[in-house]
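Please look at the structure first.

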Amino acid sequence: MEQKARVLIDCEDQKGLVYKISKVFFEKNLNIENNREFVDSDSGKFFMRSVVSGQFCSKKLREELIEVLPQHANLQVIEPNRKKIVIFVTKEAHALGDILIRYDDGELDVDIEAVISNHDTLRELVRRFDIPFIHIPTEGLSREEHEEVVVEQLDKLEFDYIVLAKYMRILNSSFVAKFPKKIINIHHSFLPAFVGANPYKQAYERGVKIIGATAHFVTDELDEGPIIAQDTINVNHRFDWKDMQNAGKDVEKVVLSRALKIVLNDRIFVNGNKTIVF
């Protein structure tokens, strides 16, 4: 039976790598449906993403590829199965609503396991899509205690990524450490400009002519994680900061959905604090 796999490789760059990898595919009678590669000259690292099809054993394919790659190469042979996500929200509906509509329409190849929120505001919206909504209030709990309860709920779920769809709480480093490169955030600014709270007000006070949004992986450094996707729109002197905020919501939801498609289709490599997106 014919099957497909996404093969992701990053390693020290060497001459002949594309030839050696392609030779393995050829000798196993695999068809290369898509192939992209890139060499980062600063780090001397080679990145390659291939989509192959044919009859093969993933374990054996992996073993044969490892033999032709440099030591300490990172290799993933991923059968393109539907991934699972958990979404964190607070009160704003635009980013969550866009994901739910795209999910319901079949545009996002994903299963949404649950929506978790520190407020009950969006319960009815989520209920319309027959997705579990878990309300974990913060009253009477420290930030650490609240996150412990969140982790207890997460331990009951199977998921590949956590998506912060306008989740307006800063996560502790201990929480982030549990899910490295697995937490995706949408920040309402074109990073690295205007980090932190109320970036639209910061942008207005600076007199910017464009505003934007950035989807990135979450790290210990606030809004400093590797960037997945970005976009901008034009503004002018007629916009006050609330006008910018309203206009920015459209950019935020589009950028977050774009980032999800990139991640769910295994099109991204993290290289230090940068990314390579194929």
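The model is predicted: local features need pLDDT of at least 70, side-chain atom pairs count only at pLDDT 80 or more, and totals for chains, interfaces and linings use all residues. Residues are numbered from 1 along each chain as its sequence is written, and side-chain values use heavy atoms, without hydrogens and water.

Seven strands form an open sheet with mixed pairing, in the order 7-6-5-8-9-10-11. Strands are DSSP runs of E with at least two residues, and helices are runs of H or I with at least four, numbered from the N terminus; two strands pair if DSSP finds at least two bridges between them. Strand 7 (133–135) and strand 11 (227–234) are at the edges with a single partner strand each, so one side of each has no neighbour in the sheet. Strand 5 (residues 83–89) and strand 8 (residues 161–164) run parallel, joined by four bridges.

Rings of Phe, Tyr and Trp (its six-membered ring) pair if their centres lie within 6.5 Å; planes under 30 degrees apart are stacked, over 60 edge-to-face, the rest tilted. Two of the pairs involve F269:

| Pair | Centre to centre | Angle between planes |
|---|---|---|
| F47 and F269 | 5.4 Å | 65° |
| F269 and F278 | 5.8 Å | 80° |

F47 lies in strand 3 (residues 45–54) and F269 in strand 12 (residues 268–271), so their pair ties together parts 222 residues apart in sequence.
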